[in-house]
Amino acid sequence: MKTFDGKALRKNGFLSLPRDITLALFLAIRAVKRASLGTSLLIISIQILTVLNLLLVNGILVGLIEGSETTYRLSYSGDIFISPLITRDRVENTEQIMNDLRHDPDVTSISRRYTASGFIASVPARSNLKDVPNETGTTIVGLNPANENSVTKLDEQIIAGRWLEPTDTNGIVLGNRLLQQYFDVPIERGILRNVELGDKVTVSFGTSTREFRVIGIVFSKIDPVARRAYILDRQLLALTDKFNLNAGEIAISLQPGADPEAWVNRMKAKHYGSGASIKTARESMGSFFSEVTGTFALIANIIGGIALLVAAVTVFIITFINAVTRRKFIGILKGIGVTERSIEIAYVLQAVFYALVGIGVGVAMILVLDPYFDKNPIDFPFSDGILSVTTSGILIRSGILLAVTFIAGYLPARRIVHGNTLDAILGR
Amino acid sequence: MKETLIKVKHLVKNYQSGHIVTKVLKNLTFDVYKGEFLSVIGPSGSGKSTLLYQLSLLDRPTSGSIHYGKLCVTDLGSKERTALRLNYLGYVFQEYALLPDLTAIENVMVPNIMRGFGKAVAREMAKAALEKLNVGHRLDNLPGQLSGGEQQRVSIARAIAHTPAILFADEPTANLDTVNSDQVMDAFLDLHYHGQTIVMVNHEQEYAKIGDRIMHLLDGSIERFEPSHHKKR
């Protein structure tokens, strides 16, 4: 006959964790297998929606900014952007800088741009004196088309006509926001009206004026690109200060993998920073951009936090209802000697299983959507929105959801399981 | 000489609701012997089930003591009581008390897995117990697919799969028809024949008589003990 041994009982009480887990797994697997399909689908759907809320909303908001940054870098600044100091209108020592850049192994391409403020007017600017002049003030950029294409590929952003060629001495390419038909704003002044491809326009810098023909229209959501006009560099120099060859700005592409910040620091160490502003693409976008990025990340976190809270409450309620309706059976399990810890683990395992399925499906959807958004970005007014998801982001958010589910599954189970055994069995 | 398995001394159980105290068990003192089949009968409200809950460690008495052998179980902590129920006691509930998500064999496997047996061993033990109770053909059926008698026999199989020191049964035939009740009582008789100590609460005098002794409870007190004249197999 078995002898009643108090020491063995105490030992049993503390050393049963592996047994608790084994039985909890046994109970949880069968509970999931034989659960109502509708309930299971409901719980999994909530988990999937939470994952999407955590990753998709955050990814779109951050991707919106990232898309903006990428567009800025690819169509305007390059990886490194050198511009004049605030007290100057040209990049000092341009020749020396260019010479250094040409011999820098990290630099793949350079576009040296000349810039000048001027006026563009249709020909004629007005039919009679009462008309609002059909003209706009803007920055005229003189550039080498081949060099520019190697850095920014503006030629691929032409929506009408074509990009500049070295022989286009009379040709001008206009940014889309200089033209009313491409920039739908209810203003009459400061924008060119009814200027089409092939039309003549005059470009004026102070007293110098010259006529050009519109050969192309470049489209961009980046203001510095969309609000500019582009001509050959030698034409601009001829119209402005032909003896000052210092650039208005220099856009530089680096080798893939090169660290822009390290490169900038290296240039500054050579004291080029005293005659020009040398910045990475992100730095050149200004502090406003960083603030917007931070704001969007905060909004994404708030939305994600609400989603987590909703998921936690849902899992809590479902586990609580599940445990309350099975209170009698929990009592019976305790009555036949199953430990409270084992029953709690069984409930937590069920909740975690549903969370894992939801996370798995949700992440799979994100991984499908990510390349889709890359090919079909969302058309925001100031950016092409892509989906910004990183492996660490997915792991962190999935981990948080799992932890929240764990707690939300454990608390109600614990509350019911710790009740009086006899009361649970007798349903009182 | 009879070996005492359970020793009950001055057992009192009161229930309190607000200021009203209901005395359910009043100073009970008795022994249960090894291999004995003790039937407890009495009218409704006499305290039969309450007594069984105290003896089987599902509830704590207000005062008095219960000893299993030399071990005083009255003051044990909840983990030790759970471990004691798991390893030494078997319990047959009134309404079968099977887990609806688990098949017959899985219901019987649960306590054995908790005891640390591997699933394969637990399954063999469960199968043997179910076959012993003549429900070996219903191993993979869910409780809802079994008759009342079959469910109760599965419940008995779960209680005896680990050969407990004491088997407690709370009106095991309460919800069964005569045919099923007879089958269930036959199962208890068979277990007793093989030396199982049984404490059974029953409302039917006829089934109570199959025990070795009958304890008559009235208003929470032992009215008398009556020896049974039922012949063992």
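The model is predicted, so local features need pLDDT of at least 70 and side-chain atom pairs count only at pLDDT 80 or more, while totals for chains, interfaces and linings use all residues. Residues are numbered from 1 along each chain as its sequence is written, chains are lettered from A and ligands numbered from 1 in the order in which they are written, and side-chain values use heavy atoms, with hydrogens and water left out.

Pockets were examined on a 1 Å grid over the protein atoms alone. A cavity is a set of points where a 1.4 Å probe fits but cannot get out; a pocket is an open set with protein on both sides within 12 Å along at least five of seven lines; lining residues have an atom within 4 Å of a point. Grid points are joined across faces, edges and corners, and a volume is the space filled by probe spheres set on the points. Helices (H or I, at least four residues) and strands (E, at least two) are DSSP runs, numbered from the N terminus.

The largest pocket holds about 650 Å³ of space. Its lining comprises 33 residues, and A:Ala31, A:Asn322, A:Arg326, A:Tyr347 and A:Gln350 lie nearest the centre. Two or more lining residues come from each of helix 2 (17-33), helix 3 (37-77), helix 10 (287-325), helix 11 (327-335) and helix 12 (340-375) of chain A. Helix 10 of chain A gives the most, with seven residues. By class, the lining has 21 nonpolar, nine polar and three charged residues. Here Ala, Val, Leu, Ile, Met, Phe, Trp, Tyr, Cys and Pro count as nonpolar, Asp, Glu, Lys and Arg as charged, and the others, Gly among them, as polar.

The second largest pocket has a volume of about 500 Å³. It is lined by 28 residues, with A:Glu340, B:Ser78, B:Lys79, B:Thr82 and B:Arg85 nearest its centre. Helix 1 (6-14), helix 2, helix 12 and helix 14 (421-426) of chain A each give two or more residues, as does helix 2 (78-88) of chain B. That helix of chain B gives the most, with seven residues. This lining divides into seven nonpolar, eleven polar and ten charged residues.

Over all chains, the structure holds 27 salt bridges (a side-chain nitrogen of Lys or Arg within 4 Å of a carboxyl oxygen of Asp or Glu). One of them joins two chains: A:Arg326 lies in the loop between helix 10 and helix 11 of chain A, and B:Asp101 in the loop between strand 6 (89-92) and helix 3 (104-114) of chain B. The N to O distance is 2.6 Å. A:Arg326 is partly exposed at 26%, whereas B:Asp101 is buried at 14%.

Within chain A, A:Glu95 pairs with A:Arg112, the closest N and O atoms being 2.6 Å apart. This bridge links helix 4 (residues 94-102) to strand 2 (residues 107-122), with its partners 17 residues apart. A:Glu95 is partly exposed at 44%; A:Arg112 is buried at 14%. A:Arg73 and A:Asp79 form a further salt bridge, at 3.5 Å between the closest N and O atoms. A:Arg73 is partly exposed, with a relative accessible area of 27%, and A:Asp79 counts as buried at 18%. A:Arg113, A:Glu148, A:Arg228 and A:Glu249 are linked in a network of salt bridges.

Methods. Buried means under 20% relative accessible area, exposed over 50%, partly exposed in between (1.4 Å probe, protein chains only).
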